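Subject: Handing over the structure

Dear colleague,

Please find the sequence and structure just below.

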Amino acid sequence: MSRPAGLHTRYDEEIALLRNRADRIWLALLAVILVATPFAIDDFWLSVLTFTAISAIGAIGLNLLTGYTGQVSLGHAFFLGLGAYTAAYLGGDLGLPVLVWLPAAGILGALAGVLIGPFALRLKGLYLAIVTLGLVFLGEYLFSNLRSITGGPQGRAIPSPRIGGLNFADLGASLGLPFDREQSFFLFVVPILVVAVVAAKNVVRSRPGRAFQAIRDREIAASIIGVDVARYKVAAFALSSFYAAVAGALLGSYVRHVTPGSFDLFVSIQFVAMIIVGGVGTVYGSVFGALFIVLIPRLVEQVSPLLPFVDPSGSGAGVTVFTLNQIIFGVLIVGFLVAEPAGLAGIWARLRTYFRSWPFSY
Amino acid sequence: MTDLLQLTVQGLALGAVYALVALGFVVIYKATAVINFAHGELMLLGAYLVYALQAEAGLPFAVALPAAMGLMALVGFGIERAILRRMVGRPTFSVVMITIGLAIVLRQMVTAAFGFDSRLLGDPWGSSQFALADVRLNVVSVATMAASAILFALFFVFFRTSRAGVAMRATAFDQEAALAVGIPVHRVYAWSWMIAGATATVAGVFLAAFPSSLSPSLGFAAFRAFPAAIVGGLDSPGGAIVGGLAIGVIEVLVQAYQPLLLPALGTSVHVVTAYVLMIAVLMVRPYGLFGTKEVERV
Amino acid sequence: MSRLLRALALITVAVLVATACRQEVKTAVGVVGRTITLGQISALTGTVAVIGKPLTKGQEVYWQYVNDVLGGVGQKLSKEERYKVELVTLDSQYRPDIQVQQYNAMKDKVLMITQSLGTAHTNAILPQINEDKILTAAATLSSDWPKQKYVVATGAPYPAQFINAAQYLKDKGITPKAGIIYQDDDYGLDGVKGLEFAAKEFGFQIVARATYKTTDTSYAAPVTAMKTAGADYVFLASTPTATGTILGTAATLAYAPQFIGLSPSWAGALTGTAEKPSPILGFMQKQFWVVTDAQCAWGDTKVGCEGMKELLDNHKKFGGDQPPDYYFIFGYTQARVVHQILEKAVEMGDLTRAGVVKAFESLKNVNMGGLLNPISYGPTCQEKIPATGSTIWRIDPAQPIALANVATLDSPTVKKFQFC
């Protein structure tokens, strides 16, 4: 039988992703559910899950930067936009296949991150947050004015992910299989999310991850014991921007049209909310947080006809669904920060410990 | 040449508004080391209260303004009591995110209560204006400058000489040490949020005054004034004034002259110029022009 | 090992059961029995809600009129056979990305979209409209729409408004020194296109151009630019809050050109209220004109304005507390146009999405009762411009929506503009 979780005798056991057979079974279960999901739920909820998957990739990137390395960034939307417009240019104007533009978007994002990283060396805490805020405005300016690449204020179309004739957003048509466009895109995005999660987990459990966390916890002490703070801070920005740009490219490819307004401050705030609600400093937390933040407004919309104080067309006495959703969003942020700083991941960890030690949970 | 002068004067008028907004940021930061992202929404709420007290309660402006300031001080106190008090000792970024969440909720409450239409604030100066040797100026702009000068003087004296002010600075510097020497940190926080609420009302009123109007988008003006607060130094009232005036003048001049001198830079350069300037200043002086350097410990 | 196999088997069964529950795609989309479902994606919140809410209300009032008074769509059918119209209204918050999401939420339920507000926003859903072939009535007058197969423009594109205004000046023998202050987006650029064309055709100069951003607090720079260049006619491609501040700044600088604004540049609230009028009301009355599609004034029920009479009746009956508003007229008129398309589709016997598109392309010479000039559409781009006339209004607080007619005209020069 396997040892109880927590008792490790070797290093690789301690950092292993799958500790015992139970973990492997759960993983297999998850894989089956992921593959089966597109066939079990309808297009609307599937599109919610697809948005979740894409946002989760971005949220993981932000968590690596803010949660693990402690570098506060409000500029995430800028890197998302960078990725989306790169995808638009390489995929649309140059007609390159997704195998080229998706990694290229990520690499461009990483390069931008390398440029921004050095600012973190000079500025601390809130001042860094303000500079990254400035990034968002800079992004809006660039995206509006570089018309030949970005299409200006009206934005531009982004192609679906394709390799030649094989269109991942419409595998049904390309391969003659019985998928529709929503199912096809979901099946395209999920493997990318899986890769993103595994990669992030690997970074976190190995040397760079420990360096990041050392910088977050006690920067000066970390530099004293030999962590190259400058290098790892820049690396954190580069990695986080890579994830953000990939997420942006996927988002653009999914909604097929972006404008500079799609990457404003509110988008950055949504990502920060995702990691706060999900759990700062955890990888799975980013996914939970993304699901929560994307799902709640859609749920509220579905439920709203039953709520007496909600007036759908906004011309009557009640609040609109949008107002309700925004209020819930704000309350969620405040609520989680005040009451549950470890986020959903914290709640999940507590639940797991409860069941694992049941019936001795007290 | 008259144009340059006129534009500079208009820039100073804008700068005075920015200075008022920046002062609000400074008050909170000086006492709690937190950037209050909800300041825009506090300004919004304050301005709408001034409007509502005039339009619905029929009060004259001279009564509505202090009344609204009082109400907003209560709102500030309420926010501090209900939410921020629980965050004593938590990392500053968490508190900043809470202000962001608050901002979102406050904005919705204002628009739910008042709708989205622009309204006229009903300030007493109206469109009256005067000319000083070819340069025209609104009386409202002069009032704005006067208000920022008065507030600056008040804050300067308050933070330098009064017990409460020194207590605030001590709390911002090191919360634990302040607690240890007996400073009532909770009350300090409450005072600073109350002052911020009142200041926000004044800023909101001048932001919505002629020739502008009162609309929910007022809250976004806070983001345009951010660079002013940062450039001056987040804990320096004098810095807020200098930063505000500088950013105001630069914004107007860039908006006027960039299309003529550097059209290749495209449009709306003036929006991003303030932020670029801010980043440049921060690179040279990481705590702003007049801010105090934070001491970092191992 | 067997426990694992059992678990997997259970899961497989569960998944197969769940798969069976997935809904099948409907074949007749948007028409269920005798009910037609139409979609609206509008800005019900945000800065543009001052436009979106009355516009949506105008649509709702019209469709209520169709259901309750006319008995439904299909005037040639018997009363029981007529189709009732149901509206699905979703809020885009004036964000293009939310517009896309709301489109996805409604696309499987609606026959066509009767309102899509926002130029950039409608552009955002354009790739999908084209793929799903859903006819969409755009609540904006961008000059792009005639080029699209699936977009219905319900008014003359913005450039036409400026061209007509310039024609009016020319008819009065005025050669303006024109300036233009425009919003820094495609709506603003549409205005610039129109003015540049008019300048070329009518032989006047544009002496100054300036942009602004909607988050700007100070409009000193653009107004000073106009003043310095000596512009005596300043065209505005702006939105209401900006217009108010621009006019106020001009008053401050003692600069009094004639301002001419596109239809979205105006909102009734700019005049203030009766108790607290705007401090520059006098200035506005003398120096500001708004150009809109050619239409009867609110309250005008003379011959040729039967549509306006119908609107006033329905506004009283179904309008609730909606005050008189220009955008109410726009939404009502737009719904009326969509109604004509649906009637044509019923007449042609094909109430599917493809049938609706065919009906749109065959609609000719429909009398709009003065709410618009008679409209015609067709399969080509040039034919998809429904009408080209404009009305110029001045501000008059005594009127119901504070607008008094200055002139109505339909310049032949508009037809020369390259919309396509």
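**A sheet in chain C**

In chain C, residue A178(C) stands opposite I206(C), which belongs to strand β8(C). Before going further, please keep in mind that this is a predicted model, in which local features need pLDDT of at least 70 and side-chain atom pairs count only at pLDDT 80 or more, while totals for chains, interfaces and linings use all residues. Residues are numbered from 1 along each chain as its sequence is written, and chains are lettered from A and ligands numbered from 1 in the order in which they are written.

Strand β7 (177-183) of chain C is joined to β8(C) by seven bridges, and the two run parallel. Strands (E, at least two residues) and helices (H or I, at least four residues) are DSSP runs numbered from the N terminus, and two strands pair if DSSP finds at least two bridges between them. These strands belong to an open sheet of seven with mixed pairing, in the order β8-β7-β9-β10-β11-β12-β13 of chain C. Because β8 and β13 (403-409) of chain C stand at the edges with a single partner strand each, one side of each is left without a neighbour in the sheet. On average, neighbouring strands of this sheet are turned by 25 degrees against each other, direction ignored, where the axes are lines fitted to C-alpha atoms and angles otherwise run from 0 to 180 degrees between N-to-C directions.

**The domains of chain C**

The domain assignment, which is automatic or from a database, divides chain C into domain 1 (31-156 + 299-387) and domain 2 (158-293 + 392-416). The centres of domain 1 and domain 2 of chain C, taken over C-alpha atoms, are separated by 28 Å. Their contact takes 15 residues from domain 1 of chain C and 19 residues from domain 2 of chain C, with two residues counted as in contact if their C-beta atoms, placed from the backbone, lie within 7 Å. On the side of domain 1 of chain C that touches domain 2 of chain C, the elements giving two or more residues are α2 and α4 (119-132) of chain C.

**Where the chains meet**

Between chains C and B, 33 residues of chain C are in contact with 36 residues of chain B. Two or more residues on the side of chain C come from each of α2 (49-68), β8 (205-212), α7 (220-229) and α8 (240-252) of chain C, and the largest share, eight residues, comes from α8(C). That side of chain C divides into 13 nonpolar, 17 polar and three charged residues; here Ala, Val, Leu, Ile, Met, Phe, Trp, Tyr, Cys and Pro count as nonpolar, Asp, Glu, Lys and Arg as charged, and the others, Gly among them, as polar.

The contact between chains A and B takes 32 residues from chain A and 33 residues from chain B. On the side of chain A that touches chain B, α6(A) gives the most, with 12 residues, and by class this side has 24 nonpolar, seven polar and one charged residues.

In chain B, four bridges join β1 (129-132) to β2 (135-138), which run antiparallel, and F130(B) stands opposite L137(B) in β2(B). Two residues lie between the strands of this hairpin, where A133(B) takes a positive phi near 55 degrees.

Chain A has 16 helices and four strands, and its C-alpha atoms fill a box of roughly 55 × 50 × 50 Å, taken along the principal axes.

With kind regards
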